[in-house]
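Hi everyone, thanks for coming.

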Amino acid sequence: MIIVMKKGAAQSDLEAVEKKIIELGYQPHIIYGETRNVVGAVGEEQGKEKLQTLQLMSGVENVVPILKPYKLASREVQPQSSEVEIVPGLCFGGKEFVVVAGPCAVEDKEQICETAVAVKKSGARLLRGGAYKPRTSPYSFQGMEEDGLKLLAEAREITGLPIVTEVVNPRDVELVARYADVMQVGARNTQNFALLKMLGQLDKPILLKRGMSTTIQEFLMSAEYVLSEGNRRVILCERGIRTFETATRNTLDISAVPVLKQQTHLPVIIDPSHATGHASLIAPMSYAAAAAGADGLIVEVHPCPEKAASDGPQSLRPDDFQMMMDKLREFVKVADREMA
């Protein structure tokens, strides 16, 4: 249920509603608005009719059922778009179109630091790099683990770029959180609910990628797992879905951007690298993402893709990334956004 407070309702009224929701066995989530506040009451579907009694409380204007299965991610609960702050002055979902860039995997100090300096020069606002790599084959490079996290931290010291890195296993959440500014959930873990619930207990932004065969509703239900645990700082990432097409690694569902924008208040970004699997396709798909209304990109960049430990064919060289960023600014401007 959504409990809509009256314009100018007293703080004591809001606190009384929050207390009553807890007494009824539900979890309150307060969304503060410019003119009025809204409280989402989330919990078991069975017996939700008892929440209708909140209509009689002081300061309450209306009690409305949430029709979507994803409650806290829905625009029914929060009509205005969310802005997810990473560090002061940098957020997803605001006026700025934010680009995250870096290698698929951290390989050594020279590689990650060289890439970090290059992508920052081109206008990237965050550095991506995998220290833990979930791979289809158990014999493929699995990442440098904590040593990789330490190298990412060194690159952050040099450039000032916040770090985006993936957490694969629930047991590694605490370790990765010590280093990362943004915790990434990869496509293979989109429905790893134990992991999502743990991340929901952190006070850290979560970059949630769509699964290869995940519907938009299932994607938003995964976001709901994080939100329901109290973490409101979720960024959604469309990274391509699995279809019968073989010309590209995946099929970029560009229509997911406006669909998600209609359904949820959460920021939405695109990963054109995993979506296409080909470096030559990254730039046009990035321009399409800006035109479709995305809030940003996450792009793979490597100083020497032919020697990359993973995903070399879908990684841009720094010079190509610079060229893409220069042209991307034109599309972003037309979309009424800004780039740093």
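Let me begin with a question: how much accessible surface does the chain have, and what share of that surface belongs to carbon and sulfur atoms? The accessible surface comes to about 14,900 Å², and 51% of it belongs to carbon and sulfur atoms. Please keep in mind that what you are looking at is a predicted model.

Now the overall picture. The chain is built from ten helices and 14 strands. Its C-alpha atoms fill a box of roughly 65 × 45 × 45 Å along the principal axes. For 340 residues, a compact globule would have a radius of gyration near 20 Å, and the chain, with 21 Å, agrees with that. Of those 340 residues, buried ones make up 54%.

What about contacts across the sequence? If we take contacts between residues at least 6 apart in sequence, 68% of them join residues that are at least 24 apart. As for charge, there are 39 positive and 44 negative side chains, and the centres of these two sets lie 2 Å apart.

Let's move on to some strands, starting with strand 12, which covers residues 234–238. How many of its five residues are buried? The count is five of five, so to speak a mostly covered strand. Both faces are covered: on one side we find Val 234, Leu 236 and Glu 238, on the other Ile 235 and Cys 237, and all are buried. Strand 12 pairs with strand 11, residues 206–209, in the parallel sense over four bridges. If you want to find that pairing on the screen, look for Ile 206, whose bridge partner in strand 12 is Val 234.

Next comes strand 14, residues 296–300, where five of the five residues are buried. Gly 296, Ile 298 and Glu 300 point one way from the strand, while Leu 297 and Val 299 point the other way. Which strands pair with strand 14? One of them is strand 7, residues 98–102, in the parallel sense over five bridges; here Val 99 has Leu 297 as its bridge partner. Another is strand 13, residues 268–270, which runs parallel to strand 14 and is joined to it by two bridges. In that pairing, Ile 269 stands opposite Gly 296.

Asp 172 lies in the loop between strand 9 (163–166) and helix 4, and Val 173 lies in helix 4, residues 173–179. Is Val 173 buried or exposed? Val 173 counts as buried, because its relative accessibility is 2% and the cut-off for buried is under 20%. Asp 172, at 14% relative accessibility, counts as buried too.

Who do these two touch? Setting aside neighbours within four places in sequence, Val 173 is in contact with Val 167, Met 183, Leu 195, Met 198, Leu 199 and Leu 202. With Leu 202, the separation is 29 residues in sequence and 9.2 Å in space, C-alpha to C-alpha. With residues up to four places away left out, Asp 172 touches Tyr 132 and Val 167. Asp 172 and Leu 195 are 23 residues apart in sequence, and their C-alpha atoms are 9.6 Å apart.

Asp 311 has a positive phi of about 60 degrees, although it is not a glycine. Asp 311 sits in the loop between strand 14 and helix 10 (318–334) and, at 19% relative accessibility, counts as buried. Asp 336 also has a positive phi, near 65 degrees, and is a residue other than glycine. Asp 336 is found in the segment after helix 10, and at 53% relative accessibility it counts as exposed.

My last stop is Ser 255. Where is it? Ser 255 is in the loop between strand 12 and helix 7 (256–263), and with 39% relative accessibility it counts as partly exposed. Ser 255 and Ile 112 are 143 residues apart in sequence and 33 Å apart in space, C-alpha to C-alpha.

How values were computed: Residues numbered from 1 in each chain as written. Predicted model: local features only at pLDDT ≥ 70, side-chain atom pairs only at ≥ 80, totals over all residues. Heavy atoms only, no water. Rg over C-alpha atoms; globule rule 2.2 N^0.38 Å. Buried < 20%, exposed > 50% of the residue type's maximum accessible area, 1.4 Å probe, protein only. Contact = heavy atoms within 4.5 Å. Areas by Shrake-Rupley, 256 points an atom, 1.4 Å probe, with all protein chains shown as cover. Lys, Arg positive; Asp, Glu negative; His and termini not counted. Charge placed at Lys NZ, Arg CZ, Asp CG, Glu CD. Pairing = 2+ DSSP bridges.
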